[in-house]
Amino acid sequence: MTSTFPDVSISTDRLVLRPFEEADVPSLTEMMRDELVAAWTTVPVPYRDADAREFILRRAPAVRTEGEGIVFAVAEFLTQRLVGLVKLDHTDWRILGAEVGYVTAPWARGEGYASESVLAVAQWLFQDQKFERLELRTAADNTAAQQVAQKLGCISEGVLRNAWIARTRTEDGGWAEIRTDLLVWSLLPEDLDGIPEQLADAGGYAPYPDWLHSPR
């Protein structure tokens, strides 16, 4: 029998991490059309409303129901504006490990939302789900993603050479694929000691999230 994560929402002082809804289609489409998202992820280019709808209605729910992981829409608590996405995948239920990936909307960068949302997921994964390892992989030139890993207290474990294909703009305005290395980071439960308080002091948000299992 396949193990699955529960249908859950997580809240911090500033954010709500919840399942995606069909009403998120316009915001998700706009977020995924950003050039940095296109450069560092595998999203379709150009990204269309149909891609967002397919992701929200079929692909994201299947990640959880098929035991691969779970996908969270990240929204501001006060405005309910979509500001990002956090995804757990490549889940290994035997070793209790998973890989985390995230996207921050261009209109929400510089607010510390990436580290806050990933930290909330990590705390839920370790405390509520009793997992023992969380992995983050960042492209060699994606310094913003590496800074998030460092803020969270992740340990750099090494380099996977030529292991990723990123995109770069061409002179004619199109996109070209380029090979790049991946940096591998890991986070264990004990690595979080003191990290929530440090981030709270720096960003002013509550260090410990609440999570609520949906009755659905």
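The legends below describe close-up views of a predicted model.

In this predicted model, local features need pLDDT of at least 70 and side-chain atom pairs count only at pLDDT 80 or more, whereas totals for chains, interfaces and linings use all residues. Residues are numbered from 1 along each chain as its sequence is written, and side-chain values use heavy atoms, with hydrogens and water left out.

View 1. Helices (H or I, at least four residues) and strands (E, at least two) are DSSP runs numbered from the N terminus, and two strands pair if DSSP finds at least two bridges between them. Strand 3, residues 70–76, is mostly covered, with seven of its seven residues buried, where buried means under 20% relative accessible area, exposed means over 50%, and partly exposed lies in between (1.4 Å probe, protein chains only). Ile70, Phe72, Val74 and Glu76 point one way from strand 3, while Val71, Ala73 and Ala75 point the other way. Strand 2 (residues 15–18) runs antiparallel to strand 3 and is joined to it by four bridges, with Val16 standing opposite Ala75. Strand 4 (residues 82–92) also pairs with strand 3 in the antiparallel sense, over six bridges, and Gly84 of strand 4 is the bridge partner of Val74. The hairpin of strand 3 and strand 4 has five residues between the strands, and Gln80 in this hairpin takes a positive phi near 65°.

**View 2. Helix 4 and the residue that follows it.** Helix 4 (residues 113–128) has 16 residues and reaches 22 Å from its first C-alpha to its last, close to the 22 Å expected at 1.5 Å a residue; the expected span is 1.5 Å times one less than the number of residues. Because 14 of its 16 residues are buried, helix 4 is largely enclosed by the rest of the structure. Lys130, which follows helix 4, has a positive phi near 60°.

**View 3. Salt bridges between separate parts of the chain.** A salt bridge is counted when a side-chain nitrogen of Lys or Arg lies within 4 Å of a carboxyl oxygen of Asp or Glu, and by this rule the count comes to twelve salt bridges. One of them joins Arg14 to Glu116, with the closest N and O atoms 2.6 Å apart. This pair links distant parts of the chain, with Arg14 in the loop between strand 1 (8–11) and strand 2 and Glu116 in helix 4, 102 residues apart. Glu116 counts as buried, at 1% relative accessibility. Arg109 and Asp34 also meet through their side chains in a salt bridge (2.7 Å, N to O). Arg109 is in the loop between strand 5 (97–104) and helix 4, and Asp34 is in the loop between helix 1 (25–32) and helix 2 (35–40), 75 residues apart. Arg109 counts as partly exposed at 33% relative accessibility, whereas Asp34 is buried, with a relative accessible area of 15%.

**View 4. Aromatic rings around Phe5.** Rings of Phe, Tyr and Trp (its six-membered ring) pair if their centres lie within 6.5 Å, and planes under 30 degrees apart count as stacked, over 60 as edge-to-face and the rest as tilted. By this rule the count comes to six aromatic pairs. The rings of Phe5 and Trp93 have their centres 4.7 Å apart and their planes at 50°, so the pair is tilted. Phe5 lies in the segment before strand 1 and Trp93 in the loop between strand 4 and strand 5, so the pair ties together parts that are 88 residues apart in sequence. Phe5 counts as buried at 1% relative accessibility, whereas Trp93 counts as partly exposed at 25%. Phe5 and Trp124 form a tilted aromatic pair, 5.4 Å centre to centre with 55° between the planes. Since Trp124 lies in helix 4 and Phe5 in the segment before strand 1, this pair ties together parts that are 119 residues apart in sequence. Phe5, Phe72, Trp93, Trp124 and Phe131 form one aromatic cluster.

**View 5. The buried face of helix 5.** In helix 5 (residues 143–151), the buried residues are Ala145, Gln146, Val148 and Ala149. Seen down the axis of helix 5, these residues fall within an arc of 155°, so they line one face of the helix; the arc is that of the directions from the helix axis to the C-beta atoms. What covers them includes strand 5, helix 4, strand 6 (133–139) and strand 8 (175–187), with contact meaning heavy atoms within 4.5 Å. Gly153, which follows helix 5, has a positive phi near 85°.
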